[in-house]
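Could you walk me through how to read a few features of a protein model? Let us take them one at a time.

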Amino acid sequence: MKRVGVFVCHCGTNIAAAVDVGEVVDKARLERGVVFSAEYPYMCSEAGQTMIANAVKEHNLTGVVVSACSPRMHEVTFRKAAAKIGLNPYMLEMANIREQCSWIHKDKDDATKKAVSLTSAAVAKVHLNTPLFAGESPVTKRALVIGGGIAGISVALDVADAGYDVDIVESTPGIGGRMAQLDKTFPTLDCSACILTPKMVDAATHDNITLHTYSEVESVEGFVGDFTVTIRKKARSVDMKKCTGCGACYDKCPAKKAPSEFEEGLSNRKAIYIPFAQAVPNVPVIDREQCIKFKTGKCGLCETVCAPGAIDFEQQDELVTQKYGAVIVATGFRPIELGKFGEYAPESKDVLTSLEFERITNAAGPTKGALVRLSDGRKPKSITFIQCVGSRDTTPRGKAYCSKICCMYTAKHAMLVKDKYPDIDVNVYYIDVRSPGKNFDEFYRRAAEEYGVNYIKGQVGKVVDMGDHLVLQAADMLDNRQITARTDMIVLATAIEPLKSTKPIASMLTASIDTNGFMTEAHPKLKPVESPTAGVFLAGACHGPKDIPETVAQAGAAAAKVLGLLSKSKLTTNPCVAAADELACNGCSACESVCPYGAIGYEDRQINDHGVRGNQRLAAVNTALCQGCGACAVTCPSGAMDLLGFSNRQILAEVDALCR
Amino acid sequence: MQEQLRILAGKMLADGRAARVLGWKRTDFETAPEPSFFTAQDDLSELVYNKYCAANLSGFMIGAGKRDGVTVVFLKPCDTYSFNQLVKEHQIDRAKAYVVGVSCGGNAKVEEMEDVGWLERCLVCTKHDHVVYDELVLDESLSRPEAQDRFGGVTRLEGLQSLERYEFWQGELSTCIRCNACRNVCPACNCKKCVFDSAKYDTAAKANVTTFEEQLFHIIRAYHVAGRCTDCGECARVCPQDIKLQLLNRKIIKDINELYGEFQAGQDTETLGPLTAFNADTDAEPSIVHTRG
């Protein structure tokens, strides 16, 4: 029989306010094998840990139960403390009486009863615990960055500068991402391209960075320190080694009807194209759906004019497989589709999204920077900005969250218009102006106070395109009046959402997403750049709406975490993996077919069952690949599969204790 | 047909192609032939085939596959599904089996050695063709009873109030004498050590002191064969208490069909069952973390 000690934490008043801790301590002492129980205000503190250490020595404890917070919070803390005093860390169990008890119950008697019950379940489990020993796994000194926007570029440069190899996978033909589409950046109004393009060049020319543009992650296997990733390099139809970037091909290409992704569809591009003039790499791509040669077999003009002979119509997708120690997800965002926001007349040529407006004001954009109505080419006399289009919208068509960047870029847009064309009347309809960043409020106030931008608190209910002008109807919440106004151009501060590709990438990485589709961090306060999956890190807007400074800061933080990981020579593995009982396994393969990690194989082994020898097909777990998810253990009809540290017997013992 | 089977078996034994023949053997009662291995040609006069040869011989092929030489086995259409399922689960060595598919006109229900009509499974039978065989011995003259709706009984139970349904099952299961016949005859119940006999769990001890049979034994067993049960109906056939065990299995089959699309265990030897198939492309969803609110 084990000698068990139970340690109950107050967690200040987090637990003690809802649970009678003394009662839990007293009841725990009545449990089988419990020889010591005690309480402390903060068990995770130095003093609390010392209390556990002293009790283990004094009472010869062979099992420890800590009734406190979620094991996700402090299991590692307490297991480390146990290891320090020579107890196998896996002889320690936690009962979660905070998140699953004190925080969610108001009635003290009921909460106390539940805390007692949860503690007794942990005691029942610890009686069946066996010492487990962590193994070691190697660390591949190479990082993969998924997404080549400012987040991905920043992480890659930081990691590469520290001396490690980094690969960037970017799905579009060039790196740069959303930031490349922007004209000026708030709150300094410095030119986006001027600060981004040198970074793009740095990334492309860095000895330690390999770019895989026009490429996608095909599959991910393995685990922290040892991921094996297959990258699909889509056929560019242009030989990257031969191409000199002269541009003769896209100058001559006769197929010019494809809407330009970079220009948000406001202008067309050729079938063979680079996304924008400063693209990195400066190597064109043939859009095979638009290319006349691919569609009809005739043309091939680009091939004729290409002096180095880089055009290759026969090129196939190429699969590259590479090992990585860490993966950084930096897939970014996109504006939501406005199909369900008909009241704003989004189909009108003079109703733009903010990103479209960004292109209109850009000197390299479709209007060469001229601020004109796209319907008739006239200069507008009045521009109206509508904020929170789809953001902070709890109806099913919208997003409940604040898209965060819109208040500031709208102030920026308004200011830029006023700066260049003081005669244009600029109105902004808003719910709240949120400007909590550094120099943000000053920026907004400058727009409203110095530049004379007219801010109206209220939402626009209807927009009608009258042909040569637009009419909108809105409520002014401060003056409490209805407004019907005439305007020439409307800019919608469209909510942003994660890219559609975020979900499949999260699936491949077994990482988590939230209900809005954004990647989830491991802990909202203490692990903001780590995903819950070890070795997978997050940077930028794939994790939630972020502006550029925040994105770059998160990228730097993620890079620091990656470097911490890559600098290790070995990692300790989780010993809580599956194991098959060879006397019970009948080799049916059910476990193999449900294993998401391909960690189970089969082998014919000679077994000795109580003196009877025979060959038996048996499941064999590759402990390096096993992630301890337990799918095999619940699938096995024979109960032969078990998860070490979470065996069927241990879990049934907990259930029994709870049902007593 | 019986004579054809005897000749075929005799030839296979005589020329050494088979080491043994698995069939049904005559007993003192005409209504109760029993599964038996024949190794000598002389014994084949005891081999019978008639409507009382209800036993599904697939399960015996697990052991036969571990012995030397080929075993000839006679399988009715419904039995071939069990055979396939066991091949899929790597329990039967297909190379050591010579499957002779035999026609079936339905099996008789036998009570106290008396023929009292058709077995329930034969009244709902839709498995008219053999899904695996090396050779067929057919008798086109055999006619089957008209098939009724296989899920009729389940649908009726689903229509009951939960308390009524509970009472129905209490009525059925409280008569269980825990003879384990259902488990022992079930081809899917091929664990080396049954969980109900295992010292690894407390199940065996609990069974002695609680209303375990009534409340859990059969339900646990149904779940252990979920997705693998071919609905061969052997459990219900051998139950001495006439418990309607097929209803439990068919409820799970019906649910699987409704949730994952039509699936018949044992249809082939490759398709993974819906409960044991994992496809990273279609099944892997990133876990969605719901925020506190």
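Q: What should I know before starting?
A: This is a predicted model, where local features need pLDDT of at least 70 and side-chain atom pairs count only at pLDDT 80 or more, while totals for chains, interfaces and linings use all residues. Residues are numbered from 1 along each chain as its sequence is written, with chains lettered from A and ligands numbered from 1 in the order in which they are written.

Q: Is Ser237(A) buried or exposed?
A: Count C-beta atoms, placed from the backbone: a residue is buried if 20 or more others lie within 10 Å of its own, exposed if 12 or fewer, and partly exposed in between. Ser237(A) has 24 other C-beta atoms within 10 Å, so Ser237(A) is buried. Its phi is near 65°, a positive value in a residue other than glycine.

Q: And is Lys368(A) buried or exposed?
A: Lys368(A) counts as exposed because it has 9 C-beta neighbours inside 10 Å. Its phi is positive too, near 55°.

Q: How many residues of H3(B) are buried?
A: Helices (H or I, at least four residues) are DSSP runs, numbered from the N terminus. In H3(B), 11 of the 12 residues are buried, including Tyr81(B), Phe83(B) and Leu86(B).

Q: Which residues does a cis peptide bond join, with omega about -5°?
A: One such bond joins Phe186(A) and Pro187(A), and another joins Val280(A) and Pro281(A).

How values were computed
Helices (H or I, at least four residues) and strands (E, at least two) are DSSP runs, numbered from the N terminus.
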